[in-house]
Amino acid sequence: MNQMTSDNLRSAFGGESQAHMRYLIWGEEAKKGGFENVARLYKATSDAERVHATLHFKALKDVKGDFPVVSMAGFGIGTVSENLQAAKNGEIFESTQMYPAYIAVAEMQNEKEAIRAMRFATQAEEVHAERYQEAKDAVDAGKDLEVEDILMCPVCGYITFDKSEEACPICGCKANLFVAY
């Protein structure tokens, strides 16, 4: 694997791994505040970030070496609304800046598995930002997120509130394989 793509995958792996843990912690805080559905959304998105980290790790194959330190942006615990805004901002950064740059390098280096992993993540992160905005809107109105179903695609990390979907719009995974929260 080419060094730049390898470095980018390592950075993405680190960022997704940190997001996974950050969302678990923020979900606990949301639950303590009485926002059960927001906590469920955090759990689903945390698992989606783990899916992304796994895809990136697998795309690295046999590459050895230390993983770089990634940005510490979005660390700490604020109010439920502040945490949701930080989560949304992180998802937007990944989908609009980080992944497009990483994909361009991987395309230049013809790293097909890396391209696939990062495209899945980019598209899922766009949806995650939307879901976090919905949750933030509810919290800012003094309510919990009003959803019955929270479902996550185990292949690409897409999250939906619509149990009538037949397949993932990102990767095509059959909806009967989605994980319910």
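Me: Is Cys173 buried or exposed?
Reply: Cys173 is buried (under 20% relative accessible area, with exposed over 50%, partly exposed in between, 1.4 Å probe, protein chains only), at a relative accessible area of 8%. This is a predicted model, where local features need pLDDT of at least 70, side-chain atom pairs count only at pLDDT 80 or more, and totals for chains, interfaces and linings use all residues. Residues are numbered from 1 along each chain as its sequence is written, and side-chain values use heavy atoms, leaving out hydrogens and water.

Me: How many disulfides are there?
Reply: The count is 0, taking a disulfide as a pair of cysteine sulfur atoms within 2.5 Å.

Me: Switching topic: where does Glu94 lie?
Reply: In helix α3, residues 80–108 (helices are DSSP runs of H or I, at least four residues, numbered from the N terminus).

Me: What's the nearest side chain of opposite charge to Glu94?
Reply: Arg22, 5.8 Å away. Glu94 is buried yet has no salt bridge, meaning a side-chain nitrogen of Lys or Arg within 4 Å of a carboxyl oxygen of Asp or Glu. Lys and Arg count as positive, Asp and Glu as negative; His and the chain ends are not counted.

Me: Which residues does Glu94 touch?
Reply: Glu16, Glu49, Tyr99, Pro100 and Glu125, not counting residues up to four places away in sequence; contact means heavy atoms within 4.5 Å.

Note on methods: Helices (H or I, at least four residues) and strands (E, at least two) are DSSP runs, numbered from the N terminus.
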